[in-house]
Amino acid sequence: MVDTINHIALSWWGWMAAMFWQVSLLIILIACIDILIKKWAWPRLRYALWLLVLLKLILPPCISMPGSFIARLQPMAGRVVESMTRERPVIEEPSAEIQYNHYQIVPAVMNSPQRTATGIPPRPRTFEGYASTTAVVESAPSVMPVWQSYAFVLWLLGIMILGSWLFSRLHRLRKSHPQAGTASSIPQSFHNMMLRCARQLKLRRIPRIVVTKKVVCPAVFGVFRPVLLMPKGYLSKLSRKDAEHMLLHELAHIKRGDPVVHSFYLLLQIVYWFNPLLWLARRQLIHLRELCCDATVAGLLKNRTCEYRETLIDVARRFLTRPVEPGIGLLGLFED
C-alpha cells in the first residue's frame with residue numbers, strides 16, 4: 001500500500017514540478033510583453049495573450065516547441081526536478097557482510113568405512129556454522145512514505161477546501177433561482193429591450209432573468225444556460241439608457257463565451273492552487289475581459305460611447321462604496 005502511494009506521489013510530483021516552473025516562466029514572460037504593448041495594443045490582443053496561460057494549463061508539461069525558449073530550458077529544469085524526485089534509501093543496508101566458511105564436502109556414504117587404531121569408526125565431519133548461517137531469515141524492510149506523499153496529501157486537502165467553498169457559494173446562488181424571475185416582477189418593456197440588445201449582438205438564446213437579493217449589481221451566472229441575475233429593486237433605479245447599457249454589457253459576456261472561459265480557468269486554478277502567479281494572472285484576465293466587453297459595447301454604440309462611460313461611472317459611484325459579494329462564477333459590470 002505504501003509502495004503504491006509513493007509511486008503515485010512521485011509521478012504527481014514530477015508532473016506538478018514541471019508545470020509549476022513552466023507556467024510561472026510563461027506568466028512572467030507574458031507580463032513583461034503586456035507591459036510593453038499595453039499602451040498601443042487592443043484589449044482583445046492582450047486578452048488573447050493571457051489566454052496562453054490557460055492553454056498551457058491544459059497541455060501536459062512534456063509538450064513544447066523545439067525552438068521555443070522553454071524547450072531550451074527543459075534539460076536544465078529536468079536535471080533539477082530529477083535531483084529533487086530521486087528517492088533516498090530509507091533503510092541502510094548493513095555494512096558487515098556475512099562471511100561464509102568454505103568446507104570440504106565429504107560423501108555421506110562410504111564403501112569401506114575407515115577405522116581408527118582403537119577400532120571405533122571416526123565421527124562424520126560436520127559443517128560448523130552451517131546451521132546458523134542458513135537459519136537466518138531475512139526480514140522484509142519496512143517501507144516509509146516519501147516526502148512527496150505528504151505534499152500530495154496537502155495538495156488534495158487544498159483542492160477539497162477550495163472546491164467545497166466554491167460549491168457552497170454557487171449552491172447558495174442557485175437556490176435563489178426559484179424565488180424570482182416571474183413575469184410579473186419584470187416589466188414587459190425591459191423584456192423588449194433585452195430582445196433588441198440580443199439582436200444587436202446576434203445572440204441565439206436570450207438568458208432568463210432572475211431577481212435575487214444575493215447580488216447588489218447585475219451579473220451573468222451559469223455556463224451552459226446562463227441567467228441574468230438582477231438585484232431586487234434595481235430596475236426601478238435605472239433609467240432607460242442605463243438599462244440598455246447594462247443589458248449590452250451582460251449579453252456581451254454571453255456572446256463572447258466569457259462564462260465558459262471563466263469557469264474553466266477557475267477549475268484549473270483550483271487544481272494548481274499552490275502557484276501564486278496563477279492568482280495574479282486571474283486578476284489580469286478579469287481586468288482585460290471587462291475591457292474587451294466594454295470595447296464590444298462601444299463598437300455597437302459608436303457615437304453614443306460617451307453615454308456608456310457615464311453609465312459605468314454612475315454604477316461605480318453607486319455600488320463601489322458598498323460591500324460587494326465576491327464574484328465567484330459571476331460576470332458583471334463589477335465582479336468584485
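Author: Start with the term. Rings of Phe, Tyr and Trp (for Trp, its six-membered ring) pair if their centres lie within 6.5 Å. Planes over 60 degrees apart make the pair edge-to-face. Keep in mind that this is a predicted model.

Now the cluster. Ring pairs join Trp12, Trp13, Trp147, Phe152 and Trp155. The structure as a whole holds eight aromatic pairs. One of them is Trp12 with Phe152. Their ring centres are 5.5 Å apart, and the planes make an angle of 70°. That makes the pair edge-to-face. Trp12 belongs to helix α1, while Phe152 belongs to helix α5. The two residues are 140 positions apart, so this pair links distant parts of the chain. Are these two residues buried or exposed? Trp12 has 12% relative accessibility, so Trp12 counts as buried. Phe152 comes out at 17%, so Phe152 counts as buried too.

Next, follow helix α5 itself. This helix covers residues 147-175, which is 29 residues. An α-helix has 3.6 residues a turn, so residues three or four places apart point the same way.

Step back to the whole chain for a moment. The chain has 10 helices and four strands. Their order is α-α-α-α-α-α-β-β-β-α-α-α-α-β. Of the 336 residues, 38% are buried. Take the contacts with a separation of 6 or more: 73% of them join residues 24 or more positions apart.

Side chains of opposite charge can pair when their charged atoms come close. The structure holds five salt bridges. One of them joins Asp34 and Arg46, with N and O 2.5 Å apart. Asp34 is in helix α1 (residues 2-37), and Arg46 is in helix α2 (residues 43-58).

Glu244 lies in helix α7 (residues 240-256). Arg304 lies in the loop between α9 (276-301) and α10 (305-319). The pair therefore ties together parts that are 60 residues apart in sequence. Glu244 is buried, with a relative accessible area of 17%. Arg304, at 32%, counts as partly exposed. Glu290 and Arg289 form a salt bridge too, at 3.7 Å from N to O. Both Glu290 and Arg289 are buried.

That loop between α9 and α10 also holds Lys302. Lys302 has a positive phi of about 55°, although it is not a glycine. Its relative accessibility is 62%, so Lys302 counts as exposed.

Stay with helix α7, which also contains Lys255. At 44% relative accessibility, Lys255 counts as partly exposed. What does Lys255 touch, leaving out residues up to four places away in sequence? The answer is Leu201, Lys202 and Leu203. The Lys255 side chain also reaches the backbone oxygen of Lys202, at 3.3 Å. Cys293 is 38 residues from Lys255 in sequence, and their C-alpha atoms are 9.6 Å apart.

Lys202 has its own story. This residue is in the loop between α6 (188-201) and β1 (208-212). Lys202 has a positive phi of about 60° and is not a glycine. With a relative accessible area of 67%, Lys202 is exposed.

Finish with a charge and a ring together. The charged end of Arg256 sits over the ring of Tyr47, 5.3 Å from the ring centre.

Terms used:
Residues numbered from 1 in each chain as written. Predicted model: local features only at pLDDT ≥ 70, side-chain atom pairs only at ≥ 80, totals over all residues. Heavy atoms only, no water. Expected span 1.5 Å × (residues − 1). Salt bridge = Lys/Arg side-chain N within 4 Å of Asp/Glu carboxyl O. Buried < 20%, exposed > 50% of the residue type's maximum accessible area, 1.4 Å probe, protein only. Contact = heavy atoms within 4.5 Å. Polar contact = N/O pair within 3.5 Å; in protein donor to acceptor, adjacent residues only side chain to side chain. Phe/Tyr/Trp six-rings, centres within 6.5 Å; stacked < 30°, edge-to-face > 60°. Lys NZ or Arg CZ within 6 Å of the ring centre and 35° of its normal.
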